[in-house]
Amino acid sequence: MTVISTNTPTPELQALDAAHHMHPFTHGAGLNAKGARVITRAEGCWLTDSDGNRILDGMAGLWCVNIGYGRTELADAAHRQMQELPFYNTFFMTTHVPAIRLAAKLADLAPGELNHVFFAGSGSEANDTNLRMVRTYWAEKGQPERQTVISRWNAYHGSSVGSGSLGGMKGMHAQGGMPIPGIAHIDQPDWWSEGGDMSPEEFGLSRARLLEDKILELGPETVAAFIAEPIQGAGGVIIPPDSYWPEIQRIVDKYGILLIADEVICGFGRTGSWFGSQTLGIRPDIMTIAKGLSSGYQPIGGSIVSDAVAEVIADTEFNHGYTYSGHPVACAVALENLRILEDEAILDRVRNDTGPYLREKFESLTDHPLVGEARIVGMMGSIALTPDAAARAPFASEAGTVGLICRERCFANNLVMRHVGDRMIISPPLVISHEEIDTLIARARLSLDETLSKLRAEGLMQAG
Ligand SMILES: *Cc1c(COP(=O)(O)O)cnc(C)c1O
């Protein structure tokens, strides 16, 4: 077999990729016919592909490269740790310094009584841990009938059988026998698409009260926990009305059910605080973490658990864990990532400088004829595309048709902006500069203009 390297011509790389590599969340045959874009290098907020194009990464990889690409400190941390102790398990009465240091650091950063960390290799694994942990908690408390976890439609909590069932992605549930039993879903707080004639505040309250309705329908004595992302990410960056989270907190408190905040995207500065729970003013019992924890440089996730829950779990043998729980190299890299976020005051910058700057530019896109709303918190934002902004109307074409056209225009203009249905979303590295923000917005506007021309040419500018 020939040696495959970054010097191999792009069509050959694409052909080999098509022949042997199965992509996540991808229509394989469709991709193979087109050929995947081959990313070869990255620096700061910029990707380079195998044809030498430089692409502005408006998604921070997959919501994760918070400190940007190319930080050699993280490579050095991995190198040092691999030489000192590349692996040891934490199952059998042993521990190691990177896991101790990272758990202590996370307990320090996390709000309130969240002082204990159960490590995993990813966000999906961490949510599987959470599902088992909350059920075990109630069983140990003498309430084993508290089994059901309530989640939301269009939530994303991962892609394993457990976490995918917790999520509310109907396309995922349609394949492979999901959701598993014991999980219930309520509707999401997406005012723009689903709010009808209600004000955002009324709608936020009404969607939060669906949780109370569901608890009463199931019987409060059967409900273990409610899980939600402070701001839904993969569902389209759905920023809830201000009335939503206080009402959710009131309801979980009233019925004494555990609150799991899935912070996999919102954590580590994305919303301008260490955790989205702080930005949105909620008090979770467990937080799911991954992605920005290591800025994606190493696969690592985990659950940050309250004193009250950890104490109960500590009273039993919790028959659960992953070979790579607390992997020393991943922990060392995460620690270095957190050091950089702190030492370079990156959260301050998001809160007080680049975040407000991006917000002003991003919200200015609402003057574009294709844009219904453009909302952003910290460094996660979403644009609703519409043929009629005043009516908050969807397109007549199948949902996602227009979003895909816009995403392809962005790709052609060397900007990574993702689409979810007919929403366009951004989640850039937290270190993005003013100049790069200007470039991002200019390319987004150009792509919106080109999308509009194409929609008009093809008669797709129709409300459904
Ligand atoms: C990405 C994501 C997950 C899953 O994390 P993986 O590391 O892909 O398993 C879980 N929850 C949320 C909110 C996510 O965005």
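1. An oxygen atom of the ligand sits 2.5 Å from an N or O atom in the side chain of Ser124. This is a predicted model, in which local features need pLDDT of at least 70, side-chain atom pairs count only at pLDDT 80 or more, and totals for chains, interfaces and linings use all residues. Residues are numbered from 1 along each chain as its sequence is written, and side-chain values use heavy atoms, with hydrogens and water left out.

2. Two further polar contacts deserve a look (a polar contact is a pair of N or O atoms within 3.5 Å; within protein, one must be able to donate a hydrogen and the other to accept it, and residues adjacent in sequence count only if both atoms are side-chain atoms). A ligand nitrogen is 2.7 Å from an N or O atom in the side chain of Asp262. Lys291 places a polar side-chain atom 2.6 Å from an oxygen atom of the ligand. Taken alone, the ligand exposes 380 Å², and the protein buries 85% of that (accessible areas by the Shrake-Rupley method, 1.4 Å probe; for residues, only the protein chains shown count as cover).

3. Which residues surround the ligand? They are Ser122, Gly123, Ser124, Asn127, Tyr156, His157, Gly158, Glu229, Asp262, Val264, Ile265 and Lys291 (each with a heavy atom within 4 Å of the ligand). By class, the shell has three nonpolar, six polar and three charged residues. Here Ala, Val, Leu, Ile, Met, Phe, Trp, Tyr, Cys and Pro count as nonpolar, Asp, Glu, Lys and Arg as charged, and the others, Gly among them, as polar. Helix α6 (residues 123-140) gives the most to this shell, with three residues. Helices (H or I, at least four residues) and strands (E, at least two) are DSSP runs, numbered from the N terminus.

4. Now the backbone. Met178 and Pro179 are joined by a cis peptide bond, with omega about -5°. Pro179 is in the loop between α8 (170-173) and β6 (183-186). Phe25 has a phi near 45°, a positive value in a residue other than glycine. Phe25 lies in the loop between α1 (10-20) and α2 (28-34). Most residues other than glycine have a negative phi, and most peptide bonds are trans.
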